[in-house]
Amino acid sequence: MVEQVYLDRQHDRLVFIDRPADEGFWDDRWAQSLTAADIRKKSVFVQHVTRKYLSPPDRVIDAGCGVANTVFGLHHAGFEAYGLDFAPVTIARIKKHAPELNIVLGDVREMPFEDAFFEGVWSLGVIEHFKDGYASIIEEARRVLKPGGLLFLTVPSVSPLRRLKMRLGRYEDVSAADMARFYQFAFTPNDTIRTISEMGFRLLESRSRGGYLGLMRESNLLKRVLEPLYESRSRPMVTLRRAIDLVISPVSFHTKLFVFKKAN
């Protein structure tokens, strides 16, 4: 099924329709071909952002860790790194291929850790998949963070390009029938900042990411031109794509990075 995008006019957000992102969805996506090499691809982005605010051996968790690239990278950067995900087959394979990592099966809304356990919590592309909202995820992150701890969050967001398409009526209104196949939301950045700030956090940083991807996804006219470059893994093409991404991200970003500090 091809992913479709609709407008939730009442809540000023976009709704992506595909297949519900439950445990089975992620196990189907990750676990079947997951190898040790897949896990051991360090996330340079996560390491770089974490080191900007925290220092080894601070305790950091990726809550919704997927194939645990982030956990592997943080572990080998000297952090006391943990990973949590609710996809059981994926977690079992990670434990088999990388037994040195602290990986647990669990729910990001009810993590098996004591209060004020971590200096940092990562949430990479997680909160948008919950149809009933993400308040319980943020509340749980706040619980397990120490006073002054950091919440690192990435989430699909409404870029200026998407806002323009909303105003031009390029998205159909979402229906109840569509929501039965709910996959994820894209929130407005201001709404995300306001909501999380009201839950006891202070915004430290906001950064646009994925401009190339956002433009490719939102422009049917350009998709055929942009897609081959996006899928290329050759070094010159990757360098070109990153340069383009840097220039156009403020206009067409797919996601936003937010860094929040827990109030004392």
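Biologist: What share of the 264 residues in the chain is buried?
Modeller: Buried residues make up 50% of them, where buried means under 20% relative accessible area, exposed over 50% and partly exposed in between, with a 1.4 Å probe and protein chains only. This is a predicted model, in which local features need pLDDT of at least 70, side-chain atom pairs count only at pLDDT 80 or more, and totals for chains, interfaces and linings use all residues. Residues are numbered from 1 along each chain as its sequence is written, and side-chain values use heavy atoms, with hydrogens and water left out.

Biologist: What is the radius of gyration of the chain?
Modeller: The chain has 18 Å, which agrees with the value near 18 Å for a compact globule of 264 residues; the radius is taken over C-alpha atoms, and the globule rule is 2.2 Å times the number of residues to the power 0.38.

Biologist: And how many helices and strands?
Modeller: There are 12 helices and 10 strands, counted as DSSP runs (helices H or I, at least four residues; strands E, at least two) and numbered from the N terminus.

Biologist: Turning to Ser 123, where is its place?
Modeller: Ser 123 lies in strand β6, which covers residues 118–124.

Biologist: Is Ser 123 buried or exposed?
Modeller: Ser 123 has a relative accessible area of 5%, so this residue is buried.

Biologist: Which residues is Ser 123 in contact with, leaving aside neighbours within four places in sequence?
Modeller: Ser 123 is in contact with Ala 63, Phe 152, Leu 153 and Thr 154, contact being heavy atoms within 4.5 Å.
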